[in-house]
Amino acid sequence: MTLFHPAWLLLIVPLTASLWFWRLPSRFLMTLRIVICLLVILGLSGLAIRMPSRAGTVVVVADRSLSMPQGAADRQIEIINAIQKEMDREDRLAVVSFGEHVAIEQTPQAANFNEFTHVVGRDASDMHKALRAAMSLIPSDAPGRILVV
């Protein structure tokens, strides 16, 4: 938890004094006033809870074998570019292509991906090795996602 404007906490002093001098007739009303005053002060102070970052590594695994339809490589590059447009600055993109062999086309980085450059052989699909290569690109201490296209 954090406070973005902790100076507002100084209002607790005059509000406590006002609660002391202007008492309400019942405990319920006094408790309700205290709770409301504390919530208003915490709201003014900018109370925030830090959530774990969702930034991480996205690994796109692209099948480049003959089992893919004509023009699949262009469509895969379109998908990779669409993913990259939606990423934050802290996110990293990696690309793995596979066929008979597996090739890491791009290691995790923020740079743009333009084209497939490695020859992976088109007569077979070794998805198991491709997924293992993709998992090896995700740091063990950070979140990651794998997308197979």
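Tutor: Let us begin with a definition: a residue is called buried when its relative accessible area is under 20%, exposed when the area is over 50%, and partly exposed in between. Please keep in mind that this is a predicted model.

Student: Why is Thr57 called buried?

Tutor: Thr57 has a relative accessibility of 4%. Buried means under 20%, so Thr57, at 4%, counts as buried.

Student: Where is Thr57 placed, and with which residues is Thr57 in contact?

Tutor: Thr57 belongs to strand β3. Leaving aside neighbours within four places in sequence, its contacts are Arg92, Pro108, Leu137, Ile138, Pro139, Pro143, Gly144 and Arg145. A contact requires heavy atoms within 4.5 Å.

Student: What makes Ala110 exposed?

Tutor: The relative accessible area of Ala110 is 51%. Exposed means over 50%, and therefore Ala110, at 51%, is exposed. Ala110 lies in the loop between β5 and α4 (127-137).

Student: Which residues does Ala110 touch?

Tutor: Not counting residues up to four places away in sequence, Ala110 touches Gln84, Asp91 and Arg92. As for Glu90, its C-alpha atom is separated from that of Ala110 by 8.1 Å, the two residues being 20 residues apart along the chain.

Student: How do you know whether Gln109 is buried, exposed or partly exposed?

Tutor: The relative accessibility of Gln109 is 30%. Gln109 lies in strand β5 and touches Arg92 and Leu93, not counting residues up to four places away in sequence.

Student: How far apart are the C-alpha atoms of Gln109 and Arg92?

Tutor: They are separated by 4.7 Å, although Gln109 and Arg92 are 17 residues apart along the chain. Asn81, in helix α3, is partly exposed, with a relative accessible area of 30%.

Student: Let us turn to charged side chains. What makes Arg64 and Glu105 a salt bridge?

Tutor: A salt bridge needs a side-chain nitrogen of Lys or Arg within 4 Å of a carboxyl oxygen of Asp or Glu. For Arg64 and Glu105 the N to O distance is 3.4 Å, so the pair meets the limit of 4 Å. Arg64 lies in the loop between β3 (57-63) and α3 (72-86) and Glu105 in strand β5 (residues 102-109), so the pair ties together parts that are 41 residues apart in sequence. Both Arg64 and Glu105 are buried.

Student: Why is the pair Arg75 and Glu78 called a salt bridge?

Tutor: The closest N and O atoms of Arg75 and Glu78 are 3.2 Å apart, and the limit is 4 Å, so the term applies. Arg75 and Glu78 both lie in helix α3, three residues apart, about one turn of the helix. Arg75 is partly exposed at 48% relative accessible area, and Glu78 is partly exposed at 47%.

Student: How do you know that Lys129 and Asp126 form a salt bridge?

Tutor: Their side chains meet at 3.9 Å, N to O; the limit is 4 Å, so this pair also qualifies. Lys129 has 52% relative accessibility and counts as exposed.

Student: How many salt bridges does a search of the whole structure find?

Tutor: The search finds three salt bridges.

Student: What is known of the protein chain as a whole, and how does its radius of gyration stand against that of a compact globule?

Tutor: A compact globule of 149 residues would have a radius of gyration near 15 Å, but the protein chain has 27 Å. Along its principal axes, the C-alpha trace spans about 85 × 30 × 25 Å. The protein chain has four helices and six strands, in the order β-α-α-β-β-α-β-β-α-β from the N terminus on. Of its 149 residues, 31% count as buried.

Technical notes
Residues are numbered from 1 along each chain as its sequence is written. This is a predicted model: local features need pLDDT of at least 70, side-chain atom pairs count only at pLDDT 80 or more; totals for chains, interfaces and linings use all residues. Side-chain values use heavy atoms; hydrogens and water are left out. Helices (H or I, at least four residues) and strands (E, at least two) are DSSP runs, numbered from the N terminus. The radius of gyration is taken over C-alpha atoms; the globule rule is 2.2 Å times the number of residues to the power 0.38. Buried means under 20% relative accessible area, exposed over 50%, partly exposed in between (1.4 Å probe, protein chains only).
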